[in-house]
Amino acid sequence: MGLHTLRLATVPLTFTTSRLFLNPSPTLAFFSRHVQPRKPSFLLRAFSNSTAVQDTPLTQTSSDSSAARTQWKAAIDFKWIRDNKEAVEINIKNRNSNADLEAVLQLYENMVTLQKEVEGIREERNNVAKKMKGKLEPSERERLVEEGKNLKESLVTLEEDLMKLQDELQHVARSIPNMTHPDVPVGGEDSSAIRNEVGSPREFSFPIKDHLQLGKDLDLMDFDSAAEVSGSKFFYLKNEAVLLEMALLNWTLSEVMNKGFTPLTTPEIVRSSIVEKCGFQPRGDNTQVYSIDGTDQCLIGTAEIPVGGIHMDSILLESALPLKYIAFSHCFRTEAGAAGAAAKGLYRVHQFSKAEMFVLCRPEDSESFHNELIQIEEDLFTSLGLHFKTLDMATADLGAPAYRKFDIEAWMPGLGRFGEISSASNCTDYQSRRLGIRFRPSEPLQTGSKKGKANLPSTKFVHTLNATACAVPRMMVCLLENYQQEDGSVVVPETLRPFMGGIEVIKPKLR
């Protein structure tokens with residue numbers, strides 16, 4: 001269940017024109033930094049500065065300073081965007097994006113023009129410098145000195161203008177969404193297609209309760225005290241509900257680790273720039289991200305963000321791919337605008353525990369890993385005996401980074417509807433182009449013509465994918481409501497019992 005934000009990306013999969021950000025021009029590519037070896041041996045990483053976390057209050061929104069808004073650059077292929085304007089324009093419309101393509105193209109043309117002017121003045125300055133190396137009359141030398149001085153001053157001004165223009169171009173272009181898989185349905189959420197459906201709704205022979213009533217009757221949760229302590233949409237878990245949370249997480253981790261995923265716990269405070277590079281808007285008007293006032297840091301809304309940052313500014317060896325992680329974290333979301341019966345109880349809260357899968361792989365493998373992630377999700381939810389459907393989400397519901405996204409919605413009888421419990425997104429190289437995560441293909445080294453030096457193969461951007469393995473609150477909604485009994489108790493799914501000390505039934509407490 002990813003945060004709903006605007007992101008920017010490309011893909012070279014089955015869609016032959018999907019090269020939106022491939023082969024960036026030297027001017028707009030990531031600035032190279034001196035790379036040093038880092039353990040493990042398959043990873044090269046650029047040095048970066050770090051600062052301590054300050055003890056400061058949280059705020060949900062913050063103004064965007066134009067002076068500081070562009071401090072990093074994504075490797076966006078603006079030439080490709082220009083050359084494929086019609087396809088990009090249709091994609092923006094289909095995804096209901098507010099991206100301003102005309103502004104991007106105009107800024108790009110202005111930048112190209114200014115670059116040529118800068119290069120021309122540099123060439124003139126070099127020519128003046130060459131002339132001054134020879135024997136000259138004093139008057140001629142004085143004239144050349146003055147000309148060189150004027151050219152230098154002009155160059156400084158133009159280079160400053162060029163940098164500002166590049167920053168503005170980057171800022172405006174960040175709202176352009178990824179290209180879309182050709183099989184994705186076009187339209188809003190109602191146009192999403194059912195890929196798979198598992199099980200059927202349980203039939204009850206007695207009046208059923210929702211998870212809020214069950215939680216109250218079984219003394220499992222306390223929203224009222226949490227509202228006094230922290231505010232609305234916070235909660236305390238109590239008694240067997242605490243054990244159920246731990247059981248869900250431990251069972252999920254063990255199941256996914258058996259699929260070859262490396263377990264992680266992550267930082268839950270990250271820099272705003274990392275949030276942006278992963279495609280979220282930490283300081284927008286309708287942000288879902290809690291920012292820490294007075295700093296450049298935020299609370300994470302998903303482990304996808306800190307996991308994506310692990311390999312930032314790195315060059316991986318192809319032999320190290322794929323990298324597959326299962327990350328546990330607490331997640332924090334403002335849930336701005338969320339209200340009503342559909343968001344009540346545990347379904348939509350400000351803080352929750354989640355286990356998130358994250359994959360870094362070669363571009364040609366990302367579609368296969370997308371299918372693998374969906375299969376893992378479906379296997380997990382089938383093992384818990386849930387009735388659910390997997391949806392191929394339509395273009396307007398994708399969010400900007402996703403080339404394709406599948407949501408899983410489970411039946412929640414107490415709420416009387418299906419509710420989203422998971423999503424799996426293929427973000428292709430959208431995040432890696434912002435985070436600077438590349439790999440070096442394992443091609444045979446070729447001997448260069450000069451002095452027999454070996455040439456390393458060119459690096460490529462990895463593809464990244466993410467998928468929810470277990471979002472605890474919504475899983476608890478499903479389990480409490482689907483496994484309730486007529487006497488008010490709740491049966492613990494057999495799969496989870498070894499992780500709950502053998503507890504088979506959550507029973508009403510003796511008064």
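The protein chain has a mean pLDDT of 84, and 82% of its residues reach 70 or more, where pLDDT is the predictor's confidence in each residue, from 0 to 100. Over residues 2–57 the pLDDT is below 50, although this stretch has 187 contacts beyond near neighbours in sequence, a contact being heavy atoms within 4.5 Å. Where pLDDT is low, the predicted coordinates should not be read in detail. This is a predicted model, in which local features need pLDDT of at least 70 and side-chain atom pairs count only at pLDDT 80 or more, while totals for chains, interfaces and linings use all residues. Residues are numbered from 1 along each chain as its sequence is written, and side-chain values use heavy atoms, with hydrogens and water left out.

Turning to the aromatic rings, the whole structure holds five aromatic pairs, counted when ring centres of Phe, Tyr or Trp (its six-membered ring) lie within 6.5 Å, with planes under 30 degrees apart called stacked, over 60 edge-to-face and the rest tilted. One of them joins Phe381 and Phe388 edge-to-face, at 6.1 Å centre to centre and 80° between the planes, and both residues are buried, that is, under 20% relative accessible area, against over 50% for exposed and in between for partly exposed (1.4 Å probe, protein chains only). Trp411 and Phe418 also pair edge-to-face, with 5.2 Å between centres and 65° between planes, and Phe418 is partly exposed, its relative accessible area being 22%.

Charges over rings come next. The charged end of Arg195 sits over the ring of Phe406, 4.8 Å from its centre, and Arg474 lies over the face of Tyr347, at 3.8 Å from the ring centre; the rule asks for NZ of Lys or CZ of Arg within 6 Å of the ring centre and within 35 degrees of the ring normal.
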